[in-house]
Amino acid sequence: GYDPVQGPNPEQTRPAQGVARLSLIDGEVSIRRGDSGDVIAAAVNGPVMVQDRLMTSSSSRAEIQFDAANLLRVAANTEVRVADLQYGHAQVQLAVGTITLRVIRNSQSQIEIDLPAVGFRPDGPGIYRISVREDGSGDITIREGSGQVLTQGGAEALKAGATMMVRGTGADAEYQAVNALGGDDWDRWNQQRDGVFLQSRSSRYVSPDIYGTENLDQNGRW
């Protein structure tokens with residue numbers, strides 16, 4: 001992985017471990033708990049913790065909400081692992097499959113996605129689609145926003161309307177920016193999910209530090 005740079009005083013106490021939540025499950029989704037190795041059926045509003053692996057089947061998808069700003073949507077036939085999860089910082093490893101990282105609003109939190117060859121860190125709000133194939137090659141597509149592709153040689157800027165194709169690993173990694181890959185049903189489903197959060201009335205009445213309130217919109221009025 002691509003560890004974040006240590007702050008000016010590494011002697012300070014590490015931030016508390018965080019917990020994300022499963023904000024949506026569609027179909028059969030499993031979680032392998034990092035502490036026990038047990039595989040369990042995922043449940044909506046269930047916790048996702050550090051070292052957990054989330055796996056979707058050929059006809060399922062899921063959404064992990066890290067906080068009020070960061071959503072990770074997981075397509076079918078995908079496996080992700082939460083490598084680090086603290087207050088204000090998350091690191092997710094994409095083993096295989098497709099995800100879309102949706103950063104809804106500016107916040108102090110930061111999330112990083114690691115592919116076998118490179119890492120990716122968004123600059124701010126946007127829509128970031130990332131895929132990894134069975135052979136380890138992958139691509140990073142920015143629909144909205146901008147971000148940094150993290151390599152052993154440094155960082156490469158990537159902006160909206162572009163896709164970074166990547167293959168290889170470590171020092172042998174190769175990457176090339178091309179025009180963004182075309183949209184599909186996965187992108188359209190993500191747009192529908194965005195509407196749930198962007199049109200949420202509950203978010204107007206509670207602190208952005210409190211997330212999951214969009215679920216309340218269907219259960220009454222403020």
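A: With rings of Phe, Tyr and Trp (its six-membered ring) counted as a pair when their centres lie within 6.5 Å, and called stacked if the planes are under 30 degrees apart, edge-to-face if over 60 and tilted for the rest, the protein has 2 aromatic pairs. One of them joins Phe120 and Tyr128, whose rings are tilted, with 5.3 Å from centre to centre and 50° between the planes. Both Phe120 and Tyr128 are buried, a word that stands for under 20% relative accessible area, while exposed stands for over 50% and partly exposed for what lies in between (1.4 Å probe, protein chains only).

This is a predicted model, so local features need pLDDT of at least 70 and side-chain atom pairs count only at pLDDT 80 or more, whereas totals for chains, interfaces and linings use all residues. Residues are numbered from 1 along each chain as its sequence is written, and side-chain values use heavy atoms, with hydrogens and water left out.

Turning to the charged pairs, the structure contains 14 salt bridges, each being a side-chain nitrogen of Lys or Arg within 4 Å of a carboxyl oxygen of Asp or Glu. In one of them, Glu63 pairs with Arg73, and their closest N and O atoms are 2.7 Å apart. Glu63 belongs to strand E6 (residues 61-65) and Arg73 to strand E7 (residues 70-74), 10 residues apart; helices (H or I, at least four residues) and strands (E, at least two) are DSSP runs numbered from the N terminus. Both Glu63 and Arg73 are buried.

Arg73 also meets the side chain of Asp194 in a salt bridge, at 2.9 Å from N to O. Because Asp194 lies in helix H1 and Arg73 in strand E7, this pair ties together parts that are 121 residues apart in sequence. Helix H1 covers residues 185-198, and Asp194 counts as buried because its relative accessibility is 7%. Apart from its neighbours within four places in sequence, Asp194 is in contact with Arg73, Arg102 and Ile127, where contact means heavy atoms within 4.5 Å.

A further salt bridge links Asp184 to Arg129, with 2.8 Å between the closest N and O atoms. Asp184 sits in the loop between strand E17 (174-179) and H1, and Arg129 in strand E12 (residues 126-132), so this pair connects parts 55 residues apart in sequence. Asp184, at 27% relative accessibility, counts as partly exposed, whereas Arg129, at 13%, counts as buried. Through salt bridges that share partners, Glu63, Arg73, Arg102, Arg193 and Asp194 are joined into one network.

These pairs belong to a protein with 1 helix and 17 strands, in which buried residues make up 47% of the 222 residues. Its largest nonpolar core has 38 residues, among which Leu54, Phe66 and Ile140 touch the most other members; such a core is a set of buried Ala, Val, Leu, Ile, Met, Phe, Trp, Tyr and Cys residues joined through side-chain atoms within 4.5 Å. Strand E9 (residues 89-103) gives this core its largest share, 6 residues.

Elsewhere, Ile31 in strand E2 (residues 29-32) is buried, since its relative accessible area is 2%. Ile31 and Met55 are 24 residues apart in sequence, yet their C-alpha atoms are 6.2 Å apart in space. Beyond its neighbours within four places in sequence, Ile31 has contacts that include Leu22, Val39, Pro47, Leu54 and Met55.
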